[in-house]
Amino acid sequence: MAYEQYGPFITAPAGADLSASQYKAVKLDADGNAVLAGAGEFAVGILVDDPKLGQTATIQVANVSKAVAGAAFQAGDLLTPNATGQLVEANAATADTGTGAITGDKVLAIALQDAGAAGQIVPVVIIHAGLTA
């Protein structure tokens, strides 16, 4: 089954060479530049183009997007960035019984299709759900 969706998008200067990072999760750094999101971090969206350092990065922030898988996962899985901005299944949130602090991966998207291996490009729905449940 094919999925198509365009936008909404935001733009930001690329804070690094992202020319090999199309369809990976990105965040905004302290200066407002687009950089790859790290493992379990909050990502603002998915990079849909391939800018070099200082060029304008186009970031899809909602709806259906293509994304690069970082490992195998199944349709319906909640996804979070790995260390290189690829999407992987999110770890569940847990609460520290002593402090009540909640920890866990930040969910960026839901898989719409199974991914068989790292590097596969699959459709996802960007949802920004925060911590996994």
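**Figure 1. Contacts across the whole chain.** Among contacts (heavy atoms within 4.5 Å) between residues at least 6 apart in sequence, 57% join residues at least 24 apart. The model is predicted: local features need pLDDT of at least 70, side-chain atom pairs count only at pLDDT 80 or more, and totals for chains, interfaces and linings use all residues. Residues are numbered from 1 along each chain as its sequence is written, and side-chain values use heavy atoms, with hydrogens and water left out. The chain has 12 strands and 0 helices (DSSP runs numbered from the N terminus: strands are E, at least two residues; helices are H or I, at least four). Of its 133 residues, 41% count as buried (under 20% relative accessible area, with exposed over 50% and partly exposed in between; 1.4 Å probe, protein chains only).

**Figure 2. The open sheet of 5 strands.** The strand order is S1-S5-S4-S2-S3, with antiparallel pairing (two strands pair if DSSP finds at least two bridges between them). Strand S1 (9-13) and strand S3 (34-36) stand at the edges. Each has a single partner strand, so one side of each is left without a neighbour in the sheet.

**Figure 3. The pairing of S1 with S5.** These strands run antiparallel and are joined by 5 bridges. Thr-11 stands opposite Thr-58 in S5.

**Figure 4. The loop around Leu-53.** Leu-53 lies between strand S4 (45-47) and strand S5 (56-60). Its relative accessibility is 62%, so Leu-53 counts as exposed. Leaving aside residues up to four places away in sequence, Leu-53 touches Ala-14, Gly-15, Ala-16 and Asp-17. Ser-19 is 34 residues from Leu-53 in sequence, yet 8.5 Å away in space, C-alpha to C-alpha.
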